[in-house]
Amino acid sequence: MAEYDLTPVNVPKVKTRFRTIRTAIPVPASLPIFEELRRSEPRSMAGQPPIIWHKADNFTVHDKWGNRWIDWSSGVLITNAGHGRKEIAAAVKKLADRPLLATYVFVHEDRATLARMLREISPDANNYQVFLLSTGSEATENCIKLAKTYALQQYGPHKKYLVSFHNAFHGRTMGAQLAAGNERPKAWMVDRDRTFVQVPFPDGYKNKDTSFELFLHSLTEQGIKPGDIAGVMSEAYQGVGPDFLPVEYARELATFCRKHDIVLIMDEVQSGFGRTGKMFCFEHYGIQPDLIACGKGITSSLPLSAVIGRKEIMGLYAPGSMTSTHSASPLAVAAAINNLKIIKEERLVERAARLGKIFCPELQRIQQKHALALGCFQGKGLVAGIQVVKPGTREPDPAMAQKINVACFQKGLLMFAPVGVAGECLKVCPPLTISEPALRESLAVFEEAVNEVLGC
Ligand code: PMP
């Protein structure tokens, strides 16, 4: 990921109902803040467009110099119910005023409420339980541990493999990185735990073969028998795309896991809570994972994550031996409860599906208009991605992706930095609460930026 240029540019002024750009970008007065951060922080933290967030409400983000962007990032797919929801802020404030700020694993009443609410959106409320944590990485780590523990206890040490997919992302802690689908993030480990193996992901673009045969073939090639696999973990859609599993493939995978008593883990950290037009993305496939890792959109705000899983697997650890200091932190739990209420009452899952019918075809039209440089479109609901490539090839063009991203930023449309294996994917994901006029305006801005950068 390239760093963004901090030289202010005198961009055309913008003033619409939803966007304002009234200064040079980046704002000259903001530069000392970036300079301080470059002194104080590792450069790994300097990868996003140079805006200083001051206030964020619903689907717009403001700086303190009077600029305002339509948000196509949702943070990083956090704010499904919109930024700065009053109901969430009020619940957090109420607890802070009571006060009740931390409880460790001692019980507070809201924990029971949230655990029930999450159980009720699981595949089977009577057979699933909920374990609350703080980050998505903790949730995926915990899924890995539970799958391996289950296999060890039921079958012995030979059933030890954790299968994940090429190009997968499950977080930045050690277990999550062992399950990552690229070599670069785990190169630092040098000697690896060889029980973590990867197979090709059937995205249909980077890998043309979408048959389940390839999964079996790849395992055979790596010398792994089905009976030796503890768990299979996949993002419900891969973040690099978003790349979805073909429905048939997902069903064959679920059948395979059931047949060999392999724990099937769906990482919904990014895809859950309505983003794709279903509460969970795996619902598109008609499968029932054994464990579901959740995060991000679970609160639309404060850090909280969860593992929702089959009772039998969730119950493997004795009291006190599967916990975390900030499990069920009261403020984050209050945020999650109110977030889930909003998602339900405002029918945001259905809304994402409905707005997706405007968002996705429009983005696809723009991609097809520039098909030489915009290699591929993928999307569902209110998440989509466009791969930027060297004209007429499939070779990623991260520099061009960044140019489009910056052009949007200068016009008052905010995206996070391009993602993907090489940083070539323009990934877009507005809050599910975005209004239709704002959605249409932002699509027009995106097209204008793409036209300017690529030439009409
Ligand atoms: N899994 C997926 C699919 C993710 O997208 C992410 C975060 N981008 C994580 C896990 C890790 O979550 P966190 O950053 O909260 O640890």
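What follows is a chat about a helix and a domain interface in a predicted model.

Trainee: What should I know about the model before I start?
Mentor: It's predicted, so local features need pLDDT of at least 70 and side-chain atom pairs count only at pLDDT 80 or more, while totals for chains, interfaces and linings use all residues. Residues are numbered from 1 along each chain as its sequence is written, and side-chain values use heavy atoms, with hydrogens and water left out.

Trainee: Okay, which residues are buried in α7?
Mentor: Leu 214, Phe 215, Ser 218 and Leu 219. Buried means under 20% relative accessible area, exposed over 50%, partly exposed in between (1.4 Å probe, protein chains only). Helices here are DSSP runs (H or I, at least four residues), strands too (E, at least two), numbered from the N terminus.

Trainee: Why are those on the same side of α7?
Mentor: Because they cover an arc of only 135° around the axis, going by the directions from the helix axis to the C-beta atoms.

Trainee: And what do the buried residues pack against?
Mentor: β7 (161–165), β8 (196–199), β9 (229–235) and α8 (247–259), with contact meaning heavy atoms within 4.5 Å.

Trainee: Switching topic: how many residues of domain 1 are in contact with domain 2?
Mentor: 33, and they meet 31 residues of domain 2. The bounds are 14–81 + 348–454 for domain 1 and 86–345 for domain 2, from an automatic or database domain assignment.

Trainee: How many salt bridges across that interface?
Mentor: Zero by the rule, which wants a side-chain nitrogen of Lys or Arg within 4 Å of a carboxyl oxygen of Asp or Glu.
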